[in-house]
Amino acid sequence: MATSAEGLEGLEKLEELQKRSHPIRAVVALVVGLVGLVFAIALSISFGAADISLSTVWKAVFNFSSDLTEHQIIYEIRLPRVLGAALVGACFAVSGAIMQGMTRNPLADSGLLGLNAGAAFMLAVCFAFFPGLSYMYIIMWSFLGAGLGVAIVYGVGSIAKGGLTPMRLVLAGAAVSALLGALGEGIALYFRIGQDLAFWYAGGVSGTKWSHLQIMGPWILAAMIGALILSRSITLLSLGEEIAIGLGQRTGIIKVWGMIIVLVLAGAAVSVVGAVGFVGLIVPHLTRYIVGHDYRWIISCSVVYGALLVVLADFIARIINPPYESPIGALIAFIGVPFFLYLARKGGKEL
């Protein structure tokens, strides 16, 4: 009888959720976001130390000539960089959306829950003890570190009396992130690899190469497909675990696969751009505000707008103080910190 009652309650909440979803607005948002992303990518490729016209960018992409210096700059340096930024933004945004849906915690984000710090810590270990590893192994170390970070956060947050509340999870994430960050910096100082790690700690995509994209691309594609497959189940889980069970969902399996996808996305992103936070916090909330609470649309839009946010951040980082580059993480934090404080002040309520 209890399961039946929960099932009926779940159906009622599901109907209410469907009424609060906006598929037409979601389609419009996707189209607008894709147009904006294409324009931002073209703009980012065009501007730099050597300004290149958009017509030249078009020719370099669709009619590449190795004899032209501008085409070589676009193909070898700027195009992999901007595509890497787009992939990283999509990874962080989707991982944040999945975590918020599964944990019902509006403050959930890979950067706030220790995944980014764990991956960065393992990169420090990798550089100190196993120098010269290929990029494939660096990604694997990032995955391992992301898993370590989130495991410690959940363990610390669960020890306290009263269980794992959303605010306690965030506080545990902040403490563990600070600890792992300090350990990583200590390793960097002791082994004198601070300069090697400075890029990852500051956050940037300037070193992205085609070989990096070829290695991380299949992992990210598989994780994105998995996220879309799980999106309906995450929608039901966001209504509450008991309700999801009442609607026939195997919540344990959903959480395991969801966390695997988050680890892959966050680990791959950190291995490229470093420990950049707040993308997975900002983008899912904005897309949820636009499209409603259906995670099929939230995840789809998060892919586009996460990519757009990081591409624009990378573009601004290059033009704000030329010829020097500002850290992407710092630029996004200017938006992310006030946004986080706003959510915390609301007591973790949804937008």
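This is a short exchange on how terms are applied to the structure above.

Reader: What kind of model is this, and what goes into its values?
Author: This is a predicted model, where local features need pLDDT of at least 70, side-chain atom pairs count only at pLDDT 80 or more, and totals for chains, interfaces and linings use all residues. Residues are numbered from 1 along each chain as its sequence is written, and side-chain values use heavy atoms, with hydrogens and water left out.

Reader: What elements does the protein have?
Author: It has 14 helices and zero strands. Both are DSSP runs, numbered from the N terminus: H or I of at least four residues for helices, E of at least two for strands.

Reader: How much of the protein is buried?
Author: Buried residues make up 50% of its 351 residues. Buried means under 20% relative accessible area, exposed means over 50%, and partly exposed lies in between (1.4 Å probe, protein chains only).

Reader: Which residues of α4 and α13 make the contact?
Author: Among them are Arg81, Ala85 and Gly89 of α4, and Ile298, Gly306, Asp314 and Arg318 of α13. Contact means heavy atoms within 4.5 Å. By class, the α4–α13 contact has 15 nonpolar, five polar and three charged residues. Ala, Val, Leu, Ile, Met, Phe, Trp, Tyr, Cys and Pro count as nonpolar, Asp, Glu, Lys and Arg as charged, and the others, Gly among them, as polar.

Reader: What makes Asp314 and Arg318 a salt bridge?
Author: The N to O distance between their side chains is 3.7 Å. A salt bridge needs a side-chain nitrogen of Lys or Arg within 4 Å of a carboxyl oxygen of Asp or Glu. So the pair qualifies. Both residues lie in α13, four residues apart, about one turn of the helix. Salt bridges that share partners join Arg81, Asp314 and Arg318 into one network.

Reader: Are Asp314 and Arg318 buried or exposed?
Author: Asp314 has a relative accessible area of 2%, so it is buried. Arg318, at 14%, also counts as buried.

Reader: How many salt bridges does the structure hold?
Author: Four. One of them pairs Glu241 with Lys255, at 2.8 Å, N to O. That pair links distant parts of the chain: Glu241 is in α10 (residues 241-246), Lys255 in α11 (residues 251-273), 14 residues apart.

Reader: What makes Thr56 buried?
Author: Thr56 has 15% relative accessibility, so it counts as buried. Its place is in α3 (residues 54-62). Not counting residues up to four places away in sequence, Thr56 touches Glu70, His71 and Ile74.
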